[in-house]
Amino acid sequence: MSSPTPRRRHRTPVAVLGALVVLATLLTGCLNVPGSTSKVQLVASRTVDGWRFDQYRNLAYPCSISGYQTFLIGTKVGSSPTATRPLWVKMHGGGVGWFDESSAPQPTKGQKSEESFDTTLGYDTKGLMTEVKAAPEHFRLLIVSMCSHDLYSGNGTPDPNNPNTTPDGKLRPTTGLPATKAAIQFTTGTYPTNDYFLHGTSAGGAGSLEVGWALQLQGIPPTGIVSDSGLINQEWELYASTHDIGTSTGCQKATSSRAAAVVERIDPELAALENEPDRLVSRGALTVPILHVWNRNDTNSCGAT
């Protein structure tokens with residue numbers, strides 16, 4: 001019997017974790033590579049409630065199914081484009097996805113195609129974003145897309161079982177990390193910027209810690225991270241999937257298929273157990289100040305089980 005092609009491989013969670021630890025050792029240094037801004041193009045502009053939002057598309061970074069990664073830059077109407085201001089980067093949520101062995105998008109096809117202007121603008125939410133926009137520091141805004149559905153952690157990584165191709169016929173990799181870095185680099189290169197902050201919610205909150213570390217390694221660390229989410233923790237995923245507690249409240253998402261598929265889609269250095277966020281912080285590797293917002297008995301993390 002012929003061996004399966006690399007695009008169709010499927011391994012157990014234990015095998016995946018071991019392989020990724022080895023890969024992380026071999027591929028050190030990938031996280032510090034800057035994102036590419038050479039193919040960024042202006043798509044549209046709109047004024048909403050006293051703010052101008054410019055939508056850009058980055059043709060260097062395809063989404064998982066169709067289209068490309070986009071981002072919105074928000075500036076207050078009447079503000080000076082040449083004044084040095086801080087930047088607030090919003091990384092929105094939407095879960096995590098993958099493709100199964102039949103090439104079907106999981107858990108749905110959502111968050112895998114290019115985001116429309118309205119979709120991305122919808123993440124300019126009330127609450128903290130409202131306070132930031134009204135702050136005396138006169139922040140500019142950057143809202144990035146998540147159409148690779150990879151926790152902002154895919155780094156040009158091959159996407160197992162993804163059958164979709166770009167217009168030139170190439171397979172679509174996962175691009176969440178470099179696309180986010182490129183959006184930040186483009187914005188800070190277009191507007192004079194001093195401090196910038198990563199603000200992530202749900203999947204964006206988990207991803208903000210990964211992106212923050214990669215930017216630190218690149219030499220342009222954020223001033224701070226506000227993460228409103230749980231954390232990436234493969235030990236929890238593996239325990240839940242191998243101890244038959246998937247029917248417990250909040251544990252239904254912790255399946256062996258997800259545990260294996262998700263880590264295969266992200267950068268091997270980020271997938272390595274020793275580089276999970278809690279370990280990066282505890283050993284002093286991730287030095288960016290973090291405000292971590294979380295709730296007990298989170299129904300997305302096995303609740304009180």
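A cavity is a set of grid points where a 1.4 Å probe fits but cannot get out. Keep that idea in your head, since a cavity turns up further down. One thing to know before we start: what you see above is a predicted model.

## The sheet

Let's begin with the strands. Eight of them form an open sheet with mixed pairing, and their order is E1-E2-E3-E7-E4-E8-E9-E10. The edges are taken by strand E1 (40-48) and strand E10 (290-293); each has a single partner strand, so one side of each is left without a neighbour in the sheet. On average, neighbouring strands here are turned by 20° against each other, direction ignored.

What holds strands together in general? Strands of a sheet pair through backbone hydrogen bonds, either parallel or antiparallel.

| Strand pair | Sense | Bridges |
|---|---|---|
| E3 and E7 | antiparallel | four bridges |
| E4 and E7 | parallel | five bridges |
| E4 and E8 | parallel | six bridges |

You can find single residues facing each other in these pairs. Leucine 72 stands opposite isoleucine 143 in E7. In E8, threonine 193 is the bridge partner of arginine 85.

Is strand E4 mostly buried or exposed? Six of its seven residues are buried, so E4 is largely enclosed by the rest of the structure.

In soluble globular proteins, nonpolar side chains tend to be buried together. In this model, the largest nonpolar core has 37 residues, and Phe71, Val89, Leu142, Val144 and Leu198 have the most contacts inside it. At least two core residues come from each of E3, E4, E7, H4, E8, H5 and helix H7 (256-264). Which element gives the largest share of this core? H5 does, with seven residues.

## Empty spaces

Rolling a probe the size of a water molecule over the atoms shows where empty space is left. The largest pocket has a volume of about 1,000 Å³. Its lining has 40 residues, and those nearest its centre are Leu231, Trp236, Arg258, Asn300 and Ser301. Helix H1 (13-26), H5, helix H6 (234-242), H7 and E10 each supply at least two residues of that lining. With five residues, H7 gives the most.

How many cavities of 30 Å³ or more does the structure hold? It holds one. The largest cavity has a volume of about 60 Å³, and among the residues lining it are Asn58, Phe71, Val144, Ser145 and Ala183. E3 and H4 are the elements that give two or more residues to this lining, and H4 gives the most, with four residues.

## Two residues to look up

Serine 148 sits in the loop between E7 and H4. Is serine 148 buried or exposed? Buried means under 20% relative accessible area, and serine 148 has a value of 1%, so it counts as buried. Leaving aside neighbours within four places in sequence, serine 148 is in contact with Ser64, Gln69, Gln111, Pro173, Thr174, Thr175, Gly176 and Arg265.

Alanine 60 has its place in strand E2. With a relative accessible area of 26%, alanine 60 is partly exposed. Apart from neighbours within four places in sequence, alanine 60 is in contact with Ser36 and Lys39.

Notes: Residues are numbered from 1 along each chain as its sequence is written. This is a predicted model: local features need pLDDT of at least 70, side-chain atom pairs count only at pLDDT 80 or more; totals for chains, interfaces and linings use all residues. Side-chain values use heavy atoms; hydrogens and water are left out. Two strands pair if DSSP finds at least two bridges between them. Axes are lines fitted to C-alpha atoms, for helices over the stretch in contact, and angles run from 0 to 180 degrees between N-to-C directions. A nonpolar core is a set of buried Ala, Val, Leu, Ile, Met, Phe, Trp, Tyr and Cys residues joined through side-chain atoms within 4.5 Å. Buried means under 20% relative accessible area, exposed over 50%, partly exposed in between (1.4 Å probe, protein chains only). On a 1 Å grid over the protein atoms alone, a cavity is a set of points where a 1.4 Å probe fits but cannot get out, and a pocket is an open set with protein on both sides within 12 Å along at least five of seven lines; lining residues have an atom within 4 Å of a point. Grid points are joined across faces, edges and corners, and a volume is the space filled by probe spheres set on the points. Contact means heavy atoms within 4.5 Å.
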